[in-house]
Number of protein chains: 2
Amino acid sequence: MNVRKVFLTENEIPRKWYNILADIKMNPPLDSNGKPIKLEDLAPVFPMNLIEQEVSTRRWIDIPEDVLKVLCIWRPSPLVRALSLEKALGTPARIYFKNESVSPPGSHKPNTAVPQAYYNKVFGIKRMTTETGAGQWGSALSFACCQFGIECKVFMVRVSFDQKPYRKSMMEAWGGKCIASPSTETKAGRDALAKNPDTPGSLGIAISEAIEAAVSDKTGKSRYSLGSVLNHVMLHQTIIGLEAKKQLKKIGEYPDIIIGCAGGGSNFAGLAFPFVYDKINGREIDIYPVEPAACPTLTRSPFVYDYGDTAGYTPLLPMYSLGHEFVPPPLHAGGLRYHGMAPTVSQLVIEGMIEPKAVTQLASYEAGVLLARTEGIIPAPETNHALACVVDQARKAKEEGKEKVILFSWSGHGLLDLGAYDRYFSGNLKDYALSEEEILKSEKVFESYPKPKRLKSR
Amino acid sequence: MNVRKVFLTENEIPRKWYNILADIKMNPPLDSNGKPIKLEDLAPVFPMNLIEQEVSTRRWIDIPEDVLKVLCIWRPSPLVRALSLEKALGTPARIYFKNESVSPPGSHKPNTAVPQAYYNKVFGIKRMTTETGAGQWGSALSFACCQFGIECKVFMVRVSFDQKPYRKSMMEAWGGKCIASPSTETKAGRDALAKNPDTPGSLGIAISEAIEAAVSDKTGKSRYSLGSVLNHVMLHQTIIGLEAKKQLKKIGEYPDIIIGCAGGGSNFAGLAFPFVYDKINGREIDIYPVEPAACPTLTRSPFVYDYGDTAGYTPLLPMYSLGHEFVPPPLHAGGLRYHGMAPTVSQLVIEGMIEPKAVTQLASYEAGVLLARTEGIIPAPETNHALACVVDQARKAKEEGKEKVILFSWSGHGLLDLGAYDRYFSGNLKDYALSEEEILKSEKVFESYPKPKRLKSR
């Protein structure tokens with residue numbers, strides 16, 4: 001019998017994260033005057049221990065024991081061979097995935113929520129605020145805060161808040177509070193509502209609200225938490241790829257192709273960065289971040305300095321961006337509805353280390369249903385984007401008659417997104433096209449901003 | 001660092017199921033004239049290979065290779081030490097659970113759905129019908145049928161169909177069809193609707209509908225499938241306890257106490273029967289099936305011959321029963337809303353091998369929230385009943401200062417039951433009391449039936 005799953009024991013879990021900042025050059029984040037930001041500028045927003053981690057260039061960073069203890073509620077996650085998918089496609093490719101859907105909130109997000117809650121706890125923080133798109137991140141942070149006894153407040157993008165009511169219930173089950181964004185609780189929210197009372201909301205607006213809620217707490221015991229984009233988030237997620245490497249090694253495999261969906265970039269980075277390290281050191285691997293065609297950050301937008309949020313509370317970050325005022329269409333893959341992209345992921349595109357792909361919503365669901373009916377797990381809408389690319393690559397391997405080894409990240413399950421599958425089956429799910437005009441319009445915002453350098457690390 | 005999870009590799013998965021019929025005496029199932037039924041009487045309902053398994057008294061039965069292949073999509077399931085719960089309760093007890101929520105449908109149900117679909121496939125069956133309460137069973141059979149290329153039709157108890165719409169979407173994601181019961185598609189359904197158009201439905205009625213839909217298919221290629229109660233279902237579920245035994249052995253543990261929720265009995269039996277075998281052979285273990293106080297089959301109803309369904313299509317089974325016309329109150333734990341109990345589980349109560357407990361709905365949610373906030377996984381409403389008993393036993397161990405080893409079954413997750421948690425948090429969830437009068441009334445139905453013997457196996 002072919003073995004489907006490769007496990008690591010808890011004793012084999014990686015003890016260090018991989019920090020890609022040791023291996024690539026980066027444009028610095030800037031303040032709104034175009035000057036490199038100072039660490040203390042970020043102190044009202046994040047605890048200093050996380051700020052230091054954000055800028056660290058040490059290649060390997062120890063994972064604290066108390067973080068490992070909580071991660072071991074579900075980690076190491078299984079590496080699964082997609083035997084039934086291979087059979088259904090008749091491909092000579094061997095396809096493996098890291099199943100990140102096994103965490104209690106159902107995605108890879110707690111990989112960083114847990115260390116973030118831990119570092120906040122150590123720093124004496126009592127309350128954390130954050131935003132959430134599809135709800136995966138907000139529930140992950142609620143879960144993590146619950147483990148460390150910290151209060152948690154989540155601003156959830158309205159379109160997802162309405163589409164996915166059970167995400168709120170999930171956050172409450174772990175003691176978190178969840179409100180729809182834009183809300184009337186913050187200036188950023190009130191401004192957004194004044195501009196458009198019927199706005200579906202966006203991650204950009206929700207981030208502004210969450211930052212404002214944290215920094216305006218007079219006790220000084222609140223901090224904000226971001227579920228993607230930032231360096232320390234990518235760092236924490238590398239446990240995915242580091243585990244996958246160990247698991248593949250156990251069965252004598254190494255990937256030719258790596259695929260992950262990319263919204264802010266953390267799921268993709270988590271799987272890919274440890275392999276990017278190998279690529280930097282001479283390995284040949286094709287690495288594909290996959291984004292929605294309706295929010296085409298890496299594939300159709302420029303590399304610029306832009307704010308991470310709509311109100312401009314964050315530093316200017318060097319990244320591919322559709323503009324911080326861009327409100328993506330109401331895709332079900334809420335986790336991919338982000339105007340920008342992690343600076344580290346952006347830099348790897350600049351350097352030609354990774355090749356972004358875009359897929360449409362309907363193509364993603366077609367792949368998702370195929371995977372549900374072969375591998376059994378019903379995928380999250382975000383994951384479906386990676387799956388469309390996996391199916392493409394597996395078919396290509398068949399056409400070429402090549403025994404490629406494909407590794408992808410199953411970022412989450414879709415059990416709280418079943419309404420979207422309903423709409424897909426009933427023909428009520430649609431594709432959104434983004435015109436060249438819309439993209440050019442969104443780019444106007446950058447004209448007055450500083451320009452990042454197109455750095456090459458080697 | 002204390003290890004939380006104990007895994008088995010796929011090569012260590014049990015290769016045989018344990019059949020308790022080898023070790024206990026049973027009253028035979030009877031036809032409606034009070035005569036022991038013949039195997040061929042069941043042939044229109046079940047494929048003959050499963051009927052033979054239903055009556056087999058061989059102690060160990062091989063698990064077919066093609067069944068193991070599909071089970072390995074998620075099995076062997078983790079054995080988890082509930083370290084955080086232990087800490088929260090300050091109990092000297094060591095608490096372990098089998099996490100059956102990791103299957104794609106989210107519960108233990110596919111442990112029998114997969115072999116049932118396999119045996120039907122081998123027998124040449126093209127279409128399977130079934131009923132479902134909370135939806136766990138219907139989605140499990142849809143999943144299993146999808147793996148073997150069999151059509152699947154599910155009659156879902158209306159109260160759950162309305163409370164848990166995503167269960168239908170889940171079945172459809174795997175290609176199954178799901179309709180609310182009572183429906184107008186069957187005589188049993190139409191009769192139930194004529195009697196009470198506003199009925200919340202019941203498992204008894206839904207079973208009648210599903211059997212009727214199978215046996216009335218003129219092609220002869222349809223069969224019915226039951227997700228609990230029957231001997232072969234209990235047999236298939238013993239993989240839970242057999243795995244748990246191997247896992248506990250790896251860490252040098254053996255349980256003093258075993259706890260599982262019991263509706264039809266299959267989750268409880270799956271964990272407990274392999275340990276009942278040890279108890280028969282001299283081990284001291286306390287074994288507790290836990291049922292809802294509002295549907296108190298084992299704790300308050302008589303041991304009788306009764307039908308498994310409302311219309312009386314099944315044989316008369318020797319079991320504890322509230323009467324096949326009893327419609328349980330609309331508890332959220334839909335999987336526990338059953339008027340009867342597996343004959344094997346019933347017989348073990350008669351013999352004093354296991355001690356049933358009943359808990360109220362609110363007590364069960366209180367325990368469920370405690371577990372969600374310690375162990376992280378949000379439990380299914382059915383699981384919550386077991387959890388209430390676990391918390392009681394852990395507290396008792398603390399009072400007595402005893403290092404008891406408690407093993408329980410985490411039968412499923414509650415991600416599609418979050419609406420019930422909403423109602424719990426908002427104070428809108430209630431307890432249902434069942435008066436002595438209601439129980440006596442429901443028992444009248446048995447007056448004219450044959451009486452089972454109170455057999456003692458040793």
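User: Where in chain B is H324(B) placed?

Analyst: H324(B) sits in the loop between strand 13 (316–320) and helix 14 (343–350) of chain B. Helices (H or I, at least four residues) and strands (E, at least two) are DSSP runs, numbered from the N terminus. The model is predicted, so to speak of local features takes a pLDDT of at least 70 and side-chain atom pairs count only at pLDDT 80 or more, while totals for chains, interfaces and linings use all residues. Residues are numbered from 1 along each chain as its sequence is written, chains are lettered from A and ligands numbered from 1 in the order in which they are written, and side-chain values use heavy atoms, with hydrogens and water left out.

User: Why is H324(B) called buried?

Analyst: Buried means under 20% relative accessible area, exposed over 50%, and partly exposed in between (1.4 Å probe, protein chains only). H324(B) has 6%, so H324(B) is buried.

User: What makes the pair H324(B) and D306(B) a polar contact?

Analyst: The term asks for a pair of N or O atoms within 3.5 Å; within protein, one must be able to donate a hydrogen and the other to accept it, and residues adjacent in sequence count only if both atoms are side-chain atoms. The side chains of H324(B) and D306(B) are joined at 2.7 Å, so the pair qualifies. With residues up to four places away in sequence left out, H324(B) also touches Y307(B), D309(B), T310(B), H339(B), V445(B) and Y449(B), where contact means heavy atoms within 4.5 Å.

User: How do you know whether S202(A) is buried or exposed?

Analyst: S202(A) has a relative accessible area of 2%, which makes it buried. S202(A) lies in the loop between helix 8 (187–195) and helix 9 (203–215) of chain A. Leaving out residues up to four places away in sequence, S202(A) touches V157(A), T310(A), V327(A) and P328(A). A polar atom of the S202(A) side chain lies 3.2 Å from the backbone nitrogen of I205(A).

User: Which residues of helix 1 of chain A are buried?

Analyst: In helix 1 (residues 48–55) these are N49(A), L50(A), I51(A), Q53(A) and E54(A). They pack against strand 2 (16–18), strand 3 (60–62), helix 4 (110–122) and helix 10 (231–237) of chain A.

User: Why is the pair E436(A) and R300(A) called a salt bridge?

Analyst: A salt bridge is a side-chain nitrogen of Lys or Arg within 4 Å of a carboxyl oxygen of Asp or Glu. In E436(A) and R300(A) the closest N and O atoms are 3.1 Å apart, so the pair meets the rule. E436(A) is in helix 18 (residues 436–443) and R300(A) in helix 13 (residues 297–300) of chain A, so the bridge ties together parts 136 residues apart in sequence. E436(A) is partly exposed at 48%, and R300(A) is partly exposed at 32%.

User: How many salt bridges cross between chain A and chain B?

Analyst: The count is two. K5(A) and E10(B) form a salt bridge at 3.1 Å, N to O.

User: What is the area buried between chain A and chain B?

Analyst: About 3900 Å², with carbon and sulfur atoms giving 59%. Buried area is the accessible area (1.4 Å probe) that two parts lose on being put together, summed over both. The contact takes 45 residues from chain A and 45 residues from chain B. In chain A, M1(A), E10(A) and Y166(A) lose the most area to chain B, together 19% of what that side buries.

User: How do you know how the two copies are related?

Analyst: Chain A can be laid on chain B with an RMSD of 0.0 Å by a turn of 180° and a shift of 0.0 Å along the axis. The copies are thus related as by a two-fold rotation axis. The superposition is by least squares on the C-alpha atoms of residues with pLDDT of at least 70 in both.

User: Why can it be said that the copies meet through the same surface?

Analyst: Because 100% of the interface residues of chain A are also interface residues in chain B.
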